[in-house]
Amino acid sequence: MAADIDPIKLMKQEVGRQAAARVRSNTVIGLGTGSTTAYAIQFIGERLAAGEVTNVKGVPTSFQASVLAKRYGIPLTTLDEVDTIDLAIDGADEVDPQMNLTKGGGAAHTREKIVDGLAREFIVVVDSSKLVAQLGTTFALPVEVLPLAVAPVSKALEALGGKSDLRMGVKKDGPVITDQGNMVLDVTFGAIANPAELEKTINNIPGVLENGLFVGLATEVLVGEVKDGQVKVRSL
Ligand code: 5RP
């Protein structure tokens, strides 16, 4: 590997390529959000263009995913039009040894959980920096909140032991607004002892739309890593 090439980018590219290689003809694919999934979307489009697979339709999890799908020639469909999603490919911000995830770094976790959760097979694509012993240790938990409920939800999360920060825009003054028109609280809990319980507890707070804990949804995790100067992909 040349010294000037970013190893994280290479890991993301390679897991994206290998996830795209799992796509079969005549299937509906959940298209995740983020920089790693972006490579998978690109490679699915290239396989379609090369005629390696045919009749593949994508269900996007965000505005970003639909823009990329259009750019790379993947026909899109919606959950109104399909009964099932054969395979979802999506990134993650943290992956624990049980393949539970934190997601929402791109503020798309609400639609991602709907699409990824409906898929028969859900492949997570990450570089090795995302593997953690316990969720919550490297990434604050994203919680999508109706704008009018930001203050009471922040207080309720504080009562659960979390410190909330309203996610702010980049090159835009004020908060990030999700594809659904809501806001995102990034909540620091530290190590999360029971992700399944916390996921339900947070979603029970009035005004919360969805949080970024994905428990028991992933069926496989593809991890890109650099070993002896070479990019390798292994499956968890
Ligand atoms: C978006 C997500 C992303 O999948 C997650 O943030 C990982 O992104 P990246 O592949 O860019 O590291 O959950 O809401």
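## Where the ligand sits

Helix H2 (35-49) and helix H4 (109-118) are two elements to look for here, as each gives at least two residues to the shell around the ligand. Keep in mind as you explore that this is a predicted model.

**Neighbours of the ligand**
- The ligand is surrounded by 18 residues, and the closest of them are Thr 33, Ser 35, Thr 36, Asp 93 and Lys 130.
- Sorted by class, this shell holds three nonpolar, nine polar and six charged residues.

**Contacts and cover**
- Asp 93 places a polar side-chain atom 2.7 Å from an oxygen atom of the ligand.
- Gly 106 uses its backbone instead: one of its N or O atoms lies 3.1 Å from a ligand oxygen atom.
- Ala 108 also has a backbone N or O atom 3.1 Å from an oxygen atom of the ligand.
- On its own the ligand would expose 380 Å², and the protein buries 92% of that.

**The largest pocket**
- The largest pocket contains about 240 Å³ of space.
- Its lining is made of 16 residues, with Thr 33, Gly 34, Ser 35, Asp 93 and Gly 106 the closest to the centre.
- Helix H2 provides the largest share of this lining, three residues.
- By class, the lining of the largest pocket has one nonpolar, 10 polar and five charged residues.

Note on methods
Residues are numbered from 1 along each chain as its sequence is written. This is a predicted model: local features need pLDDT of at least 70, side-chain atom pairs count only at pLDDT 80 or more; totals for chains, interfaces and linings use all residues. Side-chain values use heavy atoms; hydrogens and water are left out. A residue is near a molecule or strand if one of its heavy atoms lies within 4 Å of it. A polar contact is a pair of N or O atoms within 3.5 Å; within protein, one must be able to donate a hydrogen and the other to accept it, and residues adjacent in sequence count only if both atoms are side-chain atoms. Accessible areas come from the Shrake-Rupley method with a 1.4 Å probe; for residues, only the protein chains shown count as cover. Helices (H or I, at least four residues) and strands (E, at least two) are DSSP runs, numbered from the N terminus. Ala, Val, Leu, Ile, Met, Phe, Trp, Tyr, Cys and Pro count as nonpolar, Asp, Glu, Lys and Arg as charged, and the others, Gly among them, as polar. On a 1 Å grid over the protein atoms alone, a cavity is a set of points where a 1.4 Å probe fits but cannot get out, and a pocket is an open set with protein on both sides within 12 Å along at least five of seven lines; lining residues have an atom within 4 Å of a point. Grid points are joined across faces, edges and corners, and a volume is the space filled by probe spheres set on the points.
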